[in-house]
Structure formats: structure tokens, C-alpha cells
Amino acid sequence: MDDITQGISCNSISDISNICGSCSDTTTTEICANCGKEGGSLKSCAACKLVKYCSRDCQIAHRSKHKKECRKRAAEIHDEKLFKGPPSLKEDCPICFLRLPIHTDGSRYKGCCGKVICSGCIYAVAKRDEDALCPFCRVPTAMTDEEIIERLHKRADADGVLAIHALGIYYSERKNGPLDYDKAMGLWEQAAEIGHDASMTTIGRSYIYGYGVEKDEKKALHYWELAAMGGCSNARYNLGVFEHSAGNIERALRHYMIAVESGHNGSLKQIQELYSEGKATKDDYTKALRAYQKYLGEVKSAQRDEAAAAFEGFKYQA
Ligand SMILES: [Zn+2]
Ligand SMILES: [Zn+2]
Ligand SMILES: [Zn+2]
Ligand SMILES: [Zn+2]
């Protein structure tokens, strides 16, 4: 019962800067874009890096002329980062050493030892023994909510960004008490600050639906972009859906394709749909299918299939 459904953890990311304003990068080789002064210590426009200025005053004076070009280049820089694709988003089950499925039902976070264990390995132990011990640390499974929460708090205090995230999920979904979105958001923000991108994705979702916060699409997109750049395929998919519904098919397709490469089934379905509507090419669809098959080849196992067949909650593909 202490199995809190958990996507696999994601890598940290750095923030994005997109506002033409403050300056950085000193150099002595070029000229000020405003007054033409040469040498000295010129500073680049932080947003676009295309021009340099001798002073803040020159930058301000030049702003109206520079704004359009700056925004264009800043958007390009942003997109280069955004569409770079996922960093390696592969984590293995510590017991069978097979790649963990990205589907949340394909693994469980164990509050006892802080390990993410695959559905197959959990089921293999559970089917032998009703009062299953954790397959990793051999501690009996927590049976009450109090126990579960106590364990998660201990983990969260010790090290575990996954425990902090899981506690947030608990407070936002629990059935045995009032939902506490404020608490959940606080926990996710804490985890997001350490770079946990599933938490960023969850925060984005809260801003879309207005769970415990004012609805704010801009903030949601900001968090999803950060999470997607960190390798979260759910966030990547969400961005795809957003672009898709805005009619930006090319951008949507790019997001879906990156998500499929990480094994995101919903994104494969979207590409299939775009293909059937004539909005994606056969090549796109074939490429997506291949990427998904490759992922499946890495996460499939007889043990996991047996778990999925026995229990709906262990299905690791959508
Ligand atoms: Zn100047
Ligand atoms: Zn600029
Ligand atoms: Zn396993
Ligand atoms: Zn354990």
C-alpha cells in the first residue's frame, strides 16, 4: 500500500532567459551598436547576443531599433534549447536491471527504501506472499496511511526528491482526509527547485486546472517547458497538445516526436492521428512507430507482462 504511483525521475535543468534587458559577457573587440564607440568593455545583449553596447544608456537608447531583431533571435535561441530533445531519460529497475517503463503504472516508488521498482518485480514477490516484503529492502509493506506518510516524510527529510513529490501527490489526491493543494504545491515547488521535472509538470497541471492556484496558462507552459527540457515526456506531450490545439502542427509534431522517443504512447497516438488527417507524413509516422518499438523492446519483459495481465494497475503501456 505504500506504493505511490510514480513516473521515473528526471534530470535537472537550468532556467531560460528570454528578456532583452540586462547585459553580460564582456569583450573588447567590437563596437557599440548605438554610438559606435570601439574597444573598452562592451557588453552583449543578454537575450540575443547579437549586439554589444558600451553602456546601459546606449542599450536603452537603442532598444526601439533593436527590439524586433532581438525578439526574433531570442525566440530562436529559446526554441533551440526547447527542441533539443530529451537528455538520457533512462533509469533501470534496481532488481531486474531492465529499463523502467515511463508509464506510471509500470513502477512504484517504495517509501521504505526510496527505490523505484518495476511492476514485474513487485508482482513476482506479491504473488508468492500476501504480506509482501519490499523486493529491494525486505521491509514489510506499509499497511496504513499513517505508516505510508511517516515513511514518506522520513524519506523526504533524508534525501528523497521522489518522496517529496509523492507526498505532494498524496496530499492532492488522498481519500481519507481533506485535499490540501497548498501543501501539495509547496512540496512540488520544493522538488522542482532541486530540478525534479515530474514536479514541474505537476505544477504546470495545477496552473491549467486551477488546483490550489489561480489558473494561469502562461505559468503552466513555463513549467512544462522546463520539465520537457529536463526530459519529462508528459510535459513534452502537454506542450504538443497545446501547440496542436493552437494549430501549430509543425511544432506539435516536434514535441510529440521527442516524447515518443522516450516511450510516450499518447504522443504516438497523436502522430498517428495527424498522419491519418494528412497533417503528418508517412515518414513521420514510421519514424514514430520505430522509436516506440525500440522503447518497448527495452522495457518489455515476461515478468512485467505477467504482472500487467494479472492486475490492471500494473499495465505499463497505455
Ligand atoms: Zn555606446
Ligand atoms: Zn538583444
Ligand atoms: Zn524489475
Ligand atoms: Zn524497500
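**Buried and exposed positions in a predicted model**

With 26 C-beta neighbours inside 10 Å, tyrosine 109 counts as buried, and its place is in strand 5, which spans residues 107–110.

The protein chain contains 12 helices and six strands, and of its 318 residues 42% are buried. Among contacts between residues at least 6 apart in sequence, 55% join residues at least 24 apart. The mean pLDDT of the chain is 88, with 89% of the residues reaching 70 or more. Confidence is highest in helix 10, at a mean of 97, and lowest in strand 1 (residues 3–5), at a mean of 40. Over residues 1–28 the pLDDT stays under 50, and the model has 92 contacts beyond four places in sequence for this stretch. Where pLDDT is low, the predicted coordinates should not be read in detail.

Helix 6 has 13 residues and reaches 19 Å from its first C-alpha to its last, close to the 18 Å expected at 1.5 Å a residue. The helix is mostly covered, in that 10 of its 13 residues are buried; among them are Asp197, Met200, Ile203 and Tyr207. The elements that cover these buried residues include helix 4 (161–173), helix 5 (181–193), helix 7 (217–229) and helix 8. With helix 8 (residues 233–245), the axis of helix 6 (residues 197–209) crosses at roughly 35°, the two axes coming within 9 Å. On the side of helix 6 the contact is made by Asp197, Met200, Thr201 and Gly204, and on the side of helix 8 by Asn234, Ala235 and Asn238. By class, two nonpolar, four polar and one charged residues take part in this contact. Helix 6 is followed by glycine 210, the phi of which is positive, near 75°.

The buried residues of helix 11 are Ala288, Ala291, Tyr292, Tyr295 and Val299.

Phenylalanine 97, although not a glycine, has a positive phi of about 60°, and it lies in the loop between helix 1 (56–82) and strand 5. With 8 other C-beta atoms within 10 Å, phenylalanine 97 is exposed. Arginine 138, likewise not a glycine, has a positive phi of about 70°; its place is in the loop between helix 2 (119–126) and helix 3 (145–158). Arginine 138 counts as exposed, since it has 10 C-beta neighbours inside 10 Å.

Conventions: Residues are numbered from 1 along each chain as its sequence is written. Chains are lettered from A and ligands numbered from 1 in the order in which they are written. This is a predicted model: local features need pLDDT of at least 70, side-chain atom pairs count only at pLDDT 80 or more; totals for chains, interfaces and linings use all residues. A residue is buried if 20 or more other C-beta atoms lie within 10 Å of its own, exposed if 12 or fewer, and partly exposed in between; C-beta atoms are placed from the backbone. Helices (H or I, at least four residues) and strands (E, at least two) are DSSP runs, numbered from the N terminus. Axes are lines fitted to C-alpha atoms, for helices over the stretch in contact, and angles run from 0 to 180 degrees between N-to-C directions. Two residues are in contact if their C-beta atoms, placed from the backbone, lie within 7 Å. Ala, Val, Leu, Ile, Met, Phe, Trp, Tyr, Cys and Pro count as nonpolar, Asp, Glu, Lys and Arg as charged, and the others, Gly among them, as polar. pLDDT is the predictor's confidence in each residue, from 0 to 100. The expected span of a helix is 1.5 Å times one less than its number of residues.
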